[in-house]
Structures are given as C-alpha cells and as structure tokens.
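Welcome, and please open the model in your viewer. This tour tells you what to select at each stop and what you will find there.

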Amino acid sequence: MAIAVTPLIRLARAGFVLAREGVFALVPPMDLPPAARLALRLVRMIERGDARQTEAAQRLTQAFNRLGPSYVKLGQFLATRPDVVGKEAAAELSLLQDQVPPVPDAEARKAVADALGGPVESRFKVFGPALAAASIAQVHKAIAVDHEGREHTVAVKVLRPGVAAAFTRELASFYMAARLAERFVAPARRLKPVAVVDTLARSVMLEMDLRLEAAALSEMAENTAGDPSFRVPSVDWVRTAKTVLTMEWIDGIRLSETEKLEAIGVDRVQLAATIIQSFLRQAVHDGFFHADMHQGNLMVDQSGVLVALDFGITGRLNEAERRFLAEILYGFITRNYHRVAEVHFEAGYVPASQDVDVFAQALRAIGEPIRGHSARDISMARLLTQLFEVTEMFAMTTQPRLIMLQKTMVVVEGVARSLDPELDMWRTAEPVVGDWIARRVGPLGHLQAVGSGFGALGKLVADLPVLAERSERLSAALADMGERGLVLSPETLDRLAAAEARRTRSGRIALWIGAVALVAIALKVVFGL
C-alpha cells in the first residue's frame, strides 16, 4: 500500500505547486470534456494572484524550480519534446538553469574516497572546493600526480551523495502521472507518456554513471582525432569510477564570456563555422553527437581550439536515420519534394494511409520560401523545425532521436549566429554535408547499401542451422500445447493470483485517496474551510 500511496502524495504536492504557479493556464479548455473543464476551473481558483501577471510558459519554469532538482531535470528533458508539452512550453523549459548549492566539502571528499577506494590525499596532491554545482554532480579543481611523478591539473566531477535515491523516489510519481494520463486522457495515448518517462529514466540513470560520460568523452576523442579545430578533455581512467569522473582541466574562455573572447582577438567568423562543422561531422559522419552544446559547455583553449565540455547528454543516429536525413536534405536542395515525401513513407515514419502527393505539397510549402531569401536568412534548424511541424499533421510517429538532433541544431546554430550574425549556414555546412550526401545518396551510397545487403544475406545463411533448430523446438511445443492445452504450474498460478489481488486492492485505495483529496481541496477553495 505504501508503494502506491507515497507517489500519490508526491504527485498531489507537485499538482498543488503547479496549480499555485498558474501552470494550468497552458491547458486549452476547449479541448477538454465538460467534467475536465469543471476540474480545470476549480484548480485555477488556487492560483497565486501575481501568477496571472506572468506569461503562462514562464510559470512552468517557476513551478519546476520550486519543485526541486528532479523536476528541473524533468523540465530540461521535456524541453526536447515539443510534441508532448507544446512549442511554447518547450521553448520556456529550455531556459531552466540546473544550478544548486554544492554539498559540503567534507561530504564530497568522503564520496570521492569511497568511490576510489582510499583517502582523497592518496589520489590527489591537491583537492580544492567545488567550483560549480548542478542537481546531479559538482566539479572540483585538483592536482594529480601520474606514475612518472608529473603533476597535472584535473577537473573532478563528483556525483552528489543520495541523488540517485532521490530521483528514484520522484520517478515513481512521474510514472503514476504517466499511467493516469494514458488511462484517462485519450489524446495523450498517441504521445505514449509512459514511454516518455522510460526515456527520461534511462537518460538520467545513464547520466548518473560517470563511467559512461567518460566513455562518451573517449569515443568523441577518437572520432575527432583528425580534427585540428576541435577536441574534448582527456579522461584520467585511474581516478574515474561510477560516481567520480576525473579529466583534463581546460584553461580557456567559455563562449558565454564574449568580452574576453574579443579581448584576445578570437576570429568570431571562423569560430562560428567551426562550431557548425564540428557538430555536423559528429551527427552525420559519426552518428554520435554532443546534445548539450550551449555556450557554457564550449570553450576556446589557449591554442584557439574549440573544446566541448560536459558529455552527460549525447545523441545517436543510426545508419538508417542518417540516410533518411541525407535524402531529405538532398531532396530540398534539388526541389524534389515528392522524393522527400516518399522517404518518410519508406522509413515508416508516416502511415501508409496518408496521401503522399498531399504530403509532398505540404513539403513544397516549406521548401519554396527558401528560394526567396538570401543565404544568411536561411536557417537549417528552422527548416527541420518546420518539417517536423508539418509531419505532425500527417500523423508522423514521434522520433525522439531526430527531435533531439533538431533541438541541438537549434542551440548550435544560435551559438554560431551569436558569434557571426551574417553566418551562411548552407555554405558553411556544404563541406561536411556535401560529402555526406554524395556518400549516402549518390552512386557510392547505393553501392554501400548493396554491400550491406550481401553482408546481411551471408549472416542469414550462416544462421540457418540455428533457426531450423529453434523452429523445430517451437513446432514441437505448439503440437504439445494443441494436445494438452496451456499448462501453468501451481506456483505460477499462485503468483498470478497474488499479483492480481495486490493490483486491485492498491488501485481501489489510490482511487479513494485521490477522491478524498479532491473533495478536501474543493471544500477548502469554495468554502474557505
């Protein structure tokens, strides 16, 4: 019972805070059934008086900040899902700042000692106080000595003690809200809210294992080894564990420090081009990109090289997704909108029940206006944004990895244009994208596809004996089931009965508690009890 009630209480608290901050003003009442409209009016009666003077989307960020780090992380995640929260709310949530006070130095040092298996003094010659802190981890500056006796300045990222347990507790209430939405709000089912929470849970749990961030840094370093204009910090694997990441300290200037960049004479035009080309190489050539490339996570080191920090959030595109993007860009460049439409159907993103010709007409409405603008006024990020907006009209299934790419491209292009307002996105991207299109869409791309097909066919032939054996076992099992029926052991039947009883009992308790809570709130609001 406690398992069901505790998330309900947390969810009720979150709902109260959201209501007080006026977040429910974002809900359009005309889309709701009569009972839900009445509930919405009742909930909005407890809004703070000054909340109505704030933009509705801004109220969402204020509420998430009040609810704490787990909700800030939820808000940042939902900022990448405008299909779930809407464009206005997603834009506002992208401004959430994940900044909290650091844990006391003694706690941080104990966490490092526990993770690395010895006192901090045995691992670092100097270990300074926290320089920056967020909801999941904080960063310390330290000095390490290698096996040859050389000193190195390092950055030590330490997972905040207890953060995993705290997030797991909040996650239970997120799941409860998602399940309620799927069960009682029919329009929400298309958005698969439980799957959205699943994705958030995986993302944050991966972010809490700092070994995976170290691996991401290592992979990105290998992928960009031949790029003289871009790099990432090297990892000190000896001093890295699940809750501690030690890496090279970067002496440089963050891109958010524009005055300092001006003072040292950085070529802003070249730097803007480097940012765009580096991101596109990551995404389209390697299929692995930094998905949080805002100004605070980018630096220029003392050699003038662009350095990317904080690889807690990364994105991936598989071969099919990269080819899909190649065909789209190629189709827009050549004005072959019908081919762009066909690609969406071939990939299975748009249902076959939709009209490909009407879809191509809608795509033309996106592509043709580009012809009337100068290159500097054409945004690749805006093109992808408009494309995803149009595909929603044709019931395109949500593609989270492509949405993450689009959201990251919006941020990257914004950072580049802040350095060079006259940036020509297409000319800047051409050296990277042009080669990519030639390899993926041109004759070479088709030859590679044929080669992949032969490889898959060869694997199938090699697996035939195993498949035949499995088929024979399955056939025998089905024949036995046809004669005897489906037989369950007594232990299995007992467990199924117990699980059903728990589910029914917990469900009734949760519904009664929810009903009583709603009645109490209504009485308090209406009669001032």
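Between which two strands does the loop that holds Asp-236 lie? Select Asp-236 and you will find this residue in the loop between strand E4 (230-231) and strand E5 (244-248). Helices (H or I, at least four residues) and strands (E, at least two) are DSSP runs, numbered from the N terminus. Asp-236 counts as buried because its relative accessible area is 16%; buried means under 20% relative accessible area, exposed over 50%, and partly exposed in between (1.4 Å probe, protein chains only). Now show what surrounds this residue: leaving out residues up to four places away in sequence, Asp-236 touches Ala-144, Thr-246 and Met-247. Contact here means heavy atoms within 4.5 Å.

A word on what you are looking at: this is a predicted model, in which local features need pLDDT of at least 70 and side-chain atom pairs count only at pLDDT 80 or more, while totals for chains, interfaces and linings use all residues. Residues are numbered from 1 along each chain as its sequence is written, and side-chain values use heavy atoms, with hydrogens and water left out.

**The whole chain**

Zoom out and colour by secondary structure. The protein chain has 21 helices and 10 strands. Of its 529 residues, 40% count as buried. Among contacts in the protein chain with a separation of 6 or more, 66% come from residues 24 or more positions apart. Accessible areas come from the Shrake-Rupley method with a 1.4 Å probe; for residues, only the protein chains shown count as cover.

**Salt bridges**

Next, look for charged pairs. The whole structure holds 22 salt bridges, each being a side-chain nitrogen of Lys or Arg within 4 Å of a carboxyl oxygen of Asp or Glu.

Select Glu-213 and Lys-157, a salt bridge whose closest N and O atoms are 2.8 Å apart. Glu-213 sits in helix H11 (residues 210-223) and Lys-157 in strand E3 (residues 151-159), so this pair ties together parts that are 56 residues apart in sequence. Are these two residues buried or exposed? Both Glu-213 and Lys-157 are buried.

Compare that stop with Lys-260 and Glu-257, where the closest N and O atoms of the salt bridge are 3.3 Å apart. Lys-260 is partly exposed, with a relative accessible area of 46%, and Glu-257 is partly exposed at 29%.

For one more pair, select Arg-364 and Glu-368, whose closest N and O atoms are 4.0 Å apart. Arg-364 is partly exposed at 42% relative accessibility, and Glu-368 is partly exposed at 23%. Then highlight Asp-146, Glu-148 and Arg-150, which are linked in a network of salt bridges.

**Aromatic rings**

Now show the aromatic side chains. There are 7 aromatic pairs: rings of Phe, Tyr and Trp (its six-membered ring) pair if their centres lie within 6.5 Å, with planes under 30 degrees apart counted as stacked, over 60 as edge-to-face and the rest as tilted.

Phe-324 and Tyr-349 make an edge-to-face pair, 4.7 Å centre to centre with 85° between the planes. This pair links distant parts of the chain, 25 residues apart: Phe-324 is in helix H14 (residues 319-334), while Tyr-349 is in the loop between helix H15 (337-346) and helix H16 (356-367). Both residues, Phe-324 and Tyr-349, are buried.

Move on to Phe-359 and Phe-394, a tilted pair at 4.9 Å centre to centre and 50° between the planes. Here Phe-359 is in helix H16 and Phe-394 in the loop between helix H17 (380-393) and helix H18 (400-419), 35 residues apart. Phe-359 and Phe-394 are both buried. Select Phe-64, Tyr-71 and Phe-174 as well, a cluster linked by ring pairs.

**Last stops**

Find Leu-280 in helix H13 (residues 268-286). At 4% relative accessibility, Leu-280 counts as buried.

Finish at the surface with Leu-38, Leu-42 and Met-45, a nonpolar patch with about 260 Å² of accessible area together. Patches are made of residues with over 30% relative accessible area and no salt bridge: like charges are joined within 9 Å, nonpolar side chains (Val, Leu, Ile, Met, Phe, Trp, Tyr) within 5 Å. Met-45 lies in the loop between helix H2 (34-44) and helix H3 (56-67), and Met-45 is partly exposed at 48% relative accessibility.
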